[in-house]
Amino acid sequence: MTWFLGHLSQVGGLLATHTALAVIPLLIGLLLAVPLGWLAHRYRWLTAPLVAGTGLLYTIPSLALFVLMPLVLGTGILDPINVVIALSVYTVALLVRTVADGLASVPDEVVQAATAMGVGPLRRFFTVELPLAVPVIAAGLRVAAVSNVSVVSVAALLGISQLGSLFTDGFARDFVDPIVVGIVACMTLALVLDLVILVASRVLTPWQQRGRTA
Amino acid sequence: MSAIWRWLVDPAHWLGSDGIFARLGEHLGYASVTLLLAALIGIPLGLWIGHTGRGRLVVVNLANGMRSVPTLGLLFVAVLVLGPRLGGDLAFLAPAIIVLVILAIPPILAGAYAGVESVDPAARDAARGMGMRPLEVLAKVEVPCALPLIFSGLRSAALQVIATGTLAASVSLGGLGRFLIDGQAYRDYGQMAGGALLVAVLAVLVDLIFAAVQRTVVSPGLQPTTSRRATRTRLVPDPA
């Protein structure tokens, strides 16, 4: 506790970087996963390759992915872009399946009713199918958000500064306090992001009953 | 790219006590010991919870909660706190294995629990109606029906352990992570990226092997529904 109070601004700075490194990939991943998930849902023959293909990317351990990114991107090993792109890949891997599942959970009658009312495919997607898929997509997004926060910290082993740096610094100095502060900060950040997505999902789907968990 | 290639094709990097074969052996060694211990704890407990319906809230919250714990931090705390008490060869190994087991239990537990819970109540009632005792119902009906989810839990745990095993090098253990950590220390990107490539290939291979084993072990009658159910319960591992 004393250590934490004495290093508030340092921890705050690392927390801000950590948040950016976890949240930016979440948004990029979501933006990419919606069209990919739609393709996987719309065209049966694309489902297996898209879901399995992106899923296979998810099996690659994060440390390995961080190290291999410079080869693909031509960046430096210490470039935080590596972390952002690698986590975007993981987020897409998780969400393609979730978006496809979410779209599949929309009742057929609803889609048919919208079509019968003369709603075109594009407008139907954005005003009917996507909003109704929000609870399922949000559930996947929560998993992605929480795991992103934890995975970002691994990048500290490569010298990319964020809350994980408290782990490596503490370990190098045989000093547990910064590590514990880092763990608590990571878990708090994960909890906050989880809550933000939960609340956003509730706000976006006012027709859902209150008190039901996503 | 050429740096990786040069590192990978050099026979000197494959043999010897710190060569690729030895590191791969260590990596698989940690991973199998961990997975075995986690399965010994997680499967019976998960089956029991699924069968009796007791403690399901604990399982769900444990599986979700563990996801938010940063692996690297947990590993470092375990080594710093437990290491000095154990001393000697065990100072790094035991805490690392304990952390790996702790991380591997939730997906296995959740898989076993969700598997038993997803069994059609009609099948369970039919077995009971045929006069089976609770343990018989578990062994003859619930476990076979739960196998797909038990396997996906094990598969998630295996990937988690392989990924986290890479981090073990940062607490002076062996395994494929050594190439990443040593490569960085010597500013040898070829070694780092070569090691990373090996880890990535290993993870993908293990995943494919698990998928193949799952396909042969699970009863054909259960195959089509399995992927859908597995999707719903989302037993995804963290890439650690």
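Is R124(B) buried or exposed, going by its relative accessibility? At 17%, R124(B) counts as buried, where buried means under 20% relative accessible area, exposed means over 50%, and partly exposed is in between (1.4 Å probe, protein chains only).

## Ground rules

This is a predicted model, so local features need pLDDT of at least 70 and side-chain atom pairs count only at pLDDT 80 or more, while totals for chains, interfaces and linings use all residues. Residues are numbered from 1 along each chain as its sequence is written, chains are lettered from A and ligands numbered from 1 in the order in which they are written, and side-chain values use heavy atoms, with hydrogens and water left out.

The term stands for a side-chain nitrogen of Lys or Arg within 4 Å of a carboxyl oxygen of Asp or Glu. Helices here are DSSP runs (H or I, at least four residues), as are strands (E, at least two), numbered from the N terminus. E142(B) is buried as well, at 1% relative accessibility.

Over all chains, the count comes to 10 salt bridges.

## One turn apart

Helix α7 of chain B also holds E136(B) and K140(B), 4 residues apart, or about one turn of the helix. Their side chains form a salt bridge at 3.4 Å, N to O. E136(B) is partly exposed at 25% relative accessibility, and K140(B) is exposed at 52%.

Helix α8 (residues 177-185) of chain B has D182(B) and R178(B), which are separated by about one helical turn because they sit 4 residues apart. That salt bridge comes in at 3.1 Å, N to O. D182(B) counts as partly exposed at 21% relative accessibility, while R178(B) is buried at 14%. As for networks, salt bridges with shared partners join R133(B), E136(B) and K140(B) into one.

## Positive phi in two loops

Most residues other than glycine have a negative phi. D174(A) has a positive one, near 60 degrees. This residue sits in the loop between α8 (164-172) and α9 (176-204) of chain A, and D174(A) is exposed, with a relative accessible area of 57%.

Over in chain B, R187(B) has a positive phi near 50 degrees. Its place is the loop between α8 and α9 (189-217), where R187(B) is exposed at 78% relative accessible area.
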